[in-house]
Amino acid sequence: MTTTNILCKSRADLENWFKERGEPGFKGRQVYDWLWKRQARDFHDMTNLSKALREELAAAFEIPGLRTDVTQVSCDGTIKSRFRLADDHLIESVLIPVPEEKRFTACVSSQVGCSLTCSFCATGQMKRMRNLRAHEIVDQFIQVNMQSEAHFGHPLTNVVYMGMGEPLLNYAEVMESVRILNQEMEFGIKRITISTAGIAKMIDKLTEEDVRFNLALSLHAADDSKRNTIMPINESNNLEALIRSLTQFYNKTKNKITFEYIAFDRFNDTLQDARHLAELCRHFPVKINIIEYNPIEGFDGRKSGEDRLEIFASYLQNKGIPVTIRRSRGKDIDAACGQLANKG
Ligand code: SF4
């Protein structure tokens with residue numbers, strides 16, 4: 001007998017399942033709460049249901065949790081996990097702890113691989129195998145949250161969709177995962193950030209839906225000719241289109257936008273680049289995260305020197321733009337930005 005994945009069922013589906021068996025619908029709501037509010041991954045843990053009902057559920061449904069394949073702990077405390085999905089595909093998630101600021105962030109994947117082929121990114125060298133289901137995204141959060149509790153005695157404070165894959169190309173499942181995190185698991189919406197390589201029409205869709213989470217754009221170059229060379233998606237979604245969509249997004253949602261900017265030595269870290277970047281920040285309030293580049297095989301960019309980074313960041317700060325320089329975390333275990341590629 002084949003079983004059905006219960007983690008893909010809505011609350012209404014489960015209510016109906018019980019009603020069809022002559023049971024009250026609220027039992028379906030109880031099961032749904034067990035799955036998401038209490039994160040049960042075994043029917044036998046659902047102790048407010050009779051043993052017979054639990055057995056009936058176990059015969060009809062499966063709960064395909066993530067299986068941990070490899071966990072690596074960096075010398076800076078960053079933890080990278082490789083998870084095996086029910087169909088044996090592998091994905092990666094990262095816990096980025098900053099205990100001194102009581103900030104514990106999960107970086108989760110939204111796809112197996114990625115179709116966007118950004119040249120500096122190890123994931124982009126893999127093929128996109130498939131989109132993740134909402135529950136596979138939320139289960140990464142649940143697993144990383146357990147790691148955060150176990151290693152640091154503190155639950156996650158933030159989640160960023162910045163792991164493997166382009167979240168806006170898996171729109172429906174990503175949105176459903178955000179809904180589960182926020183509405184079922186009561187994780188604050190302002191603690192959730194979706195990071196996109198920049199797909200204008202999908203940003204427009206977020207605007208139409210008036211979402212409340214934070215949006216980050218992986219910018220990495222502030223003029224089209226440079227951006228085209230490292231992010232092919234820019235050829236069909238150029239900066240003018242992205243800025244137009246982001247302006248509308250800001251005007252409707254009033255959510256601050258973050259630009260992620262990996263600094264590459266003498267490629268995008270000159271004063272001229274800083275001027276272009278400042279220009280892009282004129283349209284709406286922006287926070288800039290400058291990220292140290294982490295080398296990957298097959299891309300010959302180098303990371304910017306300290307002095308160049310300081311000059312670049314100061315130019316922007318003097319224009320009143322908030323800038324953070326993010327030193328790379330988890331480099332020794334290939335857990336830093338752009339390094340996720342299931343290398344193990
Ligand atoms: S940077 Fe993001 S969008 Fe680009 S290839 Fe890597 S995972 Fe995909």
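This is a predicted model: local features need pLDDT of at least 70, side-chain atom pairs count only at pLDDT 80 or more; totals for chains, interfaces and linings use all residues.
Let's take helix α1, residues 11-20. Which residues of α1 are buried? Leu14, Glu15, Trp17 and Phe18 are. They sit on the same side of α1, because they cover an arc of only 160° around the axis. In general, an α-helix has 3.6 residues a turn, so residues three or four places apart point the same way. Now the other side of α1. There, Ala12 and Glu20 are exposed. And what do the buried residues of α1 pack against? They pack against α2, residues 26-36. After α1 comes Gly22, with a positive phi near 75°.

Two further residues have a positive phi. Most residues other than glycine have a negative one. Gln39 is not a glycine, yet its phi is positive, about 55°. You'll find Gln39 in the loop between α2 and α3, the latter being 51-60. Gln39 counts as partly exposed, because it has 18 C-beta neighbours inside 10 Å. His220 is not a glycine either, and its phi is about 65°, also positive. Look for His220 in the loop between β11 (214-218) and α7 (224-230). Is His220 buried or exposed? His220 is buried, because 26 other C-beta atoms lie within 10 Å.

Now the domains. The assignment gives domain 1 as 4-62 and domain 2 as 67-333. Their centres, taken over C-alpha atoms, are 35 Å apart. Domain 1 puts 5 residues into the contact, and domain 2 puts in 6. On the domain 1 side, those residues are 3 nonpolar, 1 polar and 1 charged.

On to the cores. In soluble globular proteins, nonpolar side chains tend to be buried together. The largest nonpolar core here has 82 residues. Which members touch the most others? Ala106, Phe141, Val159, Leu181, Tyr261 and Ile288 do. Take Ile288. Leaving out residues up to four places away in sequence, Ile288 touches Phe259, Tyr261, Leu316, Ile321, Pro322 and Val323. Another core lies apart from the largest one. This other core has 11 residues, among them Ile6, Val31, Leu35 and Met46.

Last, the ligand. How many residues are around it? There are 13, and Cys114, Cys118, Cys121, Gly124 and Ala197 come nearest. By type, the shell holds 6 nonpolar, 6 polar and 1 charged.

Technical notes. Residues are numbered from 1 along each chain as its sequence is written. A residue is near a molecule or strand if its C-beta atom, placed from the backbone, lies within 6 Å of it. Ala, Val, Leu, Ile, Met, Phe, Trp, Tyr, Cys and Pro count as nonpolar, Asp, Glu, Lys and Arg as charged, and the others, Gly among them, as polar. Domain bounds come from an automatic or database domain assignment. Two residues are in contact if their C-beta atoms, placed from the backbone, lie within 7 Å. A nonpolar core is a set of buried Ala, Val, Leu, Ile, Met, Phe, Trp, Tyr and Cys residues joined through C-beta atoms within 7 Å. A residue is buried if 20 or more other C-beta atoms lie within 10 Å of its own, exposed if 12 or fewer, and partly exposed in between; C-beta atoms are placed from the backbone. Helices (H or I, at least four residues) and strands (E, at least two) are DSSP runs, numbered from the N terminus. The arc is that of the directions from the helix axis to the C-beta atoms.
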